[in-house]
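Here is a short report on one protein chain. Look over the sequence and the structure first, then read on.

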Amino acid sequence: MNTLVIVLIAAVLLSAAYALYGRWLANKWEIDPKAETPAKKFEDGKRQYQVL
């Protein structure tokens, strides 16, 4: 079997599994997509920059 066909089949299967498993977890954990994130909830208006 051509290697490209195997890679394409694997990519399709992994993409489908990612989407389905993510949806299942969201339903199981009752995740609210409209919920306010901690970054927005505790925002103090100050900008913070990372110094390397």
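A surface patch, as used here, is built from residues with over 30% relative accessible area and no salt bridge, and nonpolar side chains are joined within 5 Å. In this predicted model, Met1, Val5, Ile6, Ile9 and Leu13 form such a nonpolar patch, with an area of about 530 Å².

**Overall form**

The protein has 2 helices and 0 strands. Its radius of gyration is 20 Å, well over the 10 Å that the globule rule gives for 52 residues, so the protein is more spread out than a compact globule. The C-alpha trace spans about 60 × 35 × 10 Å along its principal axes.

**Surface and charge**

How much of the protein is buried? Buried residues account for 2% of the 52 residues. Charged side chains number 7 positive and 5 negative. The centres of these two sets lie 4 Å apart.

**Two residues in detail**

Val5 belongs to the nonpolar patch. Val5 also lies in helix α1, which covers residues 3–28. Glu30 sits in the loop between α1 and α2 (38–41). The phi angle of Glu30 is near 50 degrees, a positive value in a residue other than glycine.

Relative accessibility for each:

| Residue | Relative accessibility | Class |
|---|---|---|
| Val5 | 34% | partly exposed |
| Glu30 | 69% | exposed |

Why does Glu30 count as exposed? Exposed means over 50% relative accessible area, and Glu30 has 69% relative accessibility.

Conventions: Residues numbered from 1 in each chain as written. Predicted model: local features only at pLDDT ≥ 70, side-chain atom pairs only at ≥ 80, totals over all residues. Heavy atoms only, no water. Patch = residues over 30% accessible without salt bridge, like charges linked within 9 Å, V, L, I, M, F, W, Y side chains within 5 Å. Areas by Shrake-Rupley, 256 points an atom, 1.4 Å probe, with all protein chains shown as cover. Salt bridge = Lys/Arg side-chain N within 4 Å of Asp/Glu carboxyl O. Helix = DSSP H or I, 4+ residues; strand = E, 2+ residues; numbered from the N terminus. Buried < 20%, exposed > 50% of the residue type's maximum accessible area, 1.4 Å probe, protein only. Rg over C-alpha atoms; globule rule 2.2 N^0.38 Å. Lys, Arg positive; Asp, Glu negative; His and termini not counted. Charge placed at Lys NZ, Arg CZ, Asp CG, Glu CD.
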